[in-house]
Amino acid sequence: MADKQHRRLNFYVALAMLYAGEDKIAKAHGVFTQAFVDFPDNVEVHYEYALFLHKLDDMAGSMREMEEVLKLDPQHARALNYVGYTWAEEGRNLEKAKAYIEQAVAQLPKDGFVRDSLGWVYYQLGDFPAAVRELEQAVALSPDDPTIYEHLGDAYLKNNDRARARKAYMKSLELHEEKDKKEAVRRKLEALSPEGGQSGEAK
């Protein structure tokens, strides 16, 4: 980082993450403060700082930085996807969210996570057939992501396809590692079962 000729942004990101891992949050923020000085015209500093804030669960700060990215580079695909998906999750600005995510998909058509965002915004808009179409593509592109399978299960359920919803939830439950997320999917499976216990096969 001290070598002006060879320093790179990922050095700063790595150091900030190391500090955060040691719970030295002020020092981690300080690294990014220095990055803004050392890379004054680099939009990626804002993007990486936004991701860092997201990992700290500072969602307001993360959104603020992502919106700054889009001021500097309105076509930044990852920031378009992040902002659009966040709006979709919150159920607000849905038409604008859809426009943002469509721009991201146009740039990253083979990215399953971006395609998932498009499926989820369709879901939030109430266009469940379109949601299923996009989410099926998303799981084909990213077959190991539990959240995409959970979204697909939700969309199938809204389309009154309980059998496919169950399969998608089962796959999501299998892939999820976080206990609270597994429990959330398990509850969805149990709600599908009239007997209230047939999902017990998935541990």
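A salt bridge is a side-chain nitrogen of Lys or Arg within 4 Å of a carboxyl oxygen of Asp or Glu. In this predicted model, Arg78 and Asp111 form such a pair through their side chains, at 2.7 Å from N to O. Because Arg78 belongs to helix H5 and Asp111 to the loop between H6 and H7, the pair ties together parts that are 33 residues apart in sequence. Arg78 is partly exposed at 35% relative accessibility, whereas Asp111 is buried at 15%.

The structure contains 14 salt bridges. Among them is the one between Asp38 and Arg7, at 3.7 Å from N to O; Asp38 lies in helix H2 and Arg7 in the segment before H1, 31 residues apart. Another joins Lys188 to Glu150 at 2.8 Å, N to O, and links helix H11 with helix H9 across 38 residues. Here Lys188 is partly exposed, with a relative accessible area of 26%, while Glu150 is buried at 13%.

Helix H5 also contributes to the largest pocket, where its 7 residues make up the largest share of the lining. This pocket has a volume of about 870 Å³. Of its 30 lining residues, His54, Asn81, Tyr82, Tyr85 and Thr86 are the closest to the centre. The lining comprises 13 nonpolar, 7 polar and 10 charged residues.

Finally, Leu94 is found in helix H6. Leu94 counts as buried because its relative accessible area is 16%, under the 20% limit. Beyond its neighbours up to four places away in sequence, Leu94 touches Trp87, Ala88, Val121, Gln124 and Leu125.

Notes: Residues are numbered from 1 along each chain as its sequence is written. This is a predicted model: local features need pLDDT of at least 70, side-chain atom pairs count only at pLDDT 80 or more; totals for chains, interfaces and linings use all residues. Side-chain values use heavy atoms; hydrogens and water are left out. Helices (H or I, at least four residues) and strands (E, at least two) are DSSP runs, numbered from the N terminus. Buried means under 20% relative accessible area, exposed over 50%, partly exposed in between (1.4 Å probe, protein chains only). Contact means heavy atoms within 4.5 Å. On a 1 Å grid over the protein atoms alone, a cavity is a set of points where a 1.4 Å probe fits but cannot get out, and a pocket is an open set with protein on both sides within 12 Å along at least five of seven lines; lining residues have an atom within 4 Å of a point. Grid points are joined across faces, edges and corners, and a volume is the space filled by probe spheres set on the points. Ala, Val, Leu, Ile, Met, Phe, Trp, Tyr, Cys and Pro count as nonpolar, Asp, Glu, Lys and Arg as charged, and the others, Gly among them, as polar.
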